[in-house]
Amino acid sequence: MEPVEDTGDGGWDMHDRNFQQLQDRHAWMLDQTLSALLDDLDQRGLLSDTIVIAVGEFGRTPKINERAGRDHWQQCYSAVVAGGGLKVGQVIGESDAKGEFPASRPVTPADLFCTALTQIGAGTTQLTAAGITPQGEVIEELV
């Protein structure tokens, strides 16, 4: 499939034509590139030493807007985490029936990155010594 030029809708920021953009452009690109990266790291024996995190800066509204798009929604979204010796292959938490808010085991972006930093040996002690105030809590299900 030939790449489609950005039509001025902000690329991944799909406030317009969400379903068309996902089908024609974004879903297959993410699927192909992320799976290729994970396969390549695994085949080279590097996946256990490399943490891969795929997450956006926002979730998307559970309701479709008047432009057939989805707007920013910071209350509930997901991330894909792989490798790095983490306990992967699981779902942690869930949303309510409408996908609006966490229903169980809410996890914050700060928790996700606290977990990744801790996994690579940059825990609270090391961060504080470097003058960085750690945010979040380690996601125990992953370590």
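Two residues are in contact when heavy atoms of each lie within 4.5 Å. This report applies that definition to a predicted model, in which local features need pLDDT of at least 70, side-chain atom pairs count only at pLDDT 80 or more, and totals for chains, interfaces and linings use all residues. Residues are numbered from 1 along each chain as its sequence is written, and side-chain values use heavy atoms, with hydrogens and water left out.

**Overall architecture**

The chain contains 3 helices and 6 strands. Helices (H or I, at least four residues) and strands (E, at least two) are DSSP runs, numbered from the N terminus. Read from the N terminus, the order of the elements is α-β-β-β-β-β-β-α-α. Along the principal axes, the C-alpha atoms fill a box of roughly 50 × 35 × 30 Å. Of contacts between residues at least 6 apart in sequence, 54% link residues at least 24 apart.

**Surface and charge**

A residue is called buried under 20% relative accessible area, exposed over 50%, and partly exposed in between (1.4 Å probe, protein chains only). By this criterion, 24% of the 143 residues are buried. The chain exposes about 9,400 Å², of which carbon and sulfur atoms supply 55%; accessible areas come from the Shrake-Rupley method with a 1.4 Å probe, and for residues only the protein chains shown count as cover.

**The largest pocket**

A pocket is an open set of points on a 1 Å grid over the protein atoms alone, where a 1.4 Å probe fits, with protein on both sides within 12 Å along at least five of seven lines; its lining residues have an atom within 4 Å of a point. The largest pocket has a volume of about 1,500 Å³, taken as the space filled by probe spheres set on the points, which are joined across faces, edges and corners. Of its 46 lining residues, V55, Y77, S78, A79 and V80 are the closest to the centre. Elements that give two or more residues to this lining include α1 (18-43), β4 (79-83) and α2 (109-119). Helix α1 gives the most, with 5 residues.

**Individual residues**

| Residue | Relative accessible area | Class |
|---|---|---|
| H15 | 18% | buried |
| R17 | 29% | partly exposed |
| R105 | 34% | partly exposed |
| L41 | 10% | buried |

H15 belongs to the segment before α1. Beyond its neighbours within four places in sequence, H15 is in contact with R60, N65, R67, G69, R70, D71 and H72. Its C-alpha atom is separated by 23 Å from that of Q32, 17 residues apart along the chain.

R17 also has its place in the segment before α1. Although not a glycine, R17 has a positive phi of about 50°. R105, in the loop between β6 and α2, is likewise not a glycine and has a positive phi of about 45°.

L41 lies within helix α1. Not counting residues up to four places away in sequence, L41 touches L46, L47, T50 and V52. The C-alpha atoms of L41 and G59, 18 residues apart along the chain, are separated by 27 Å.
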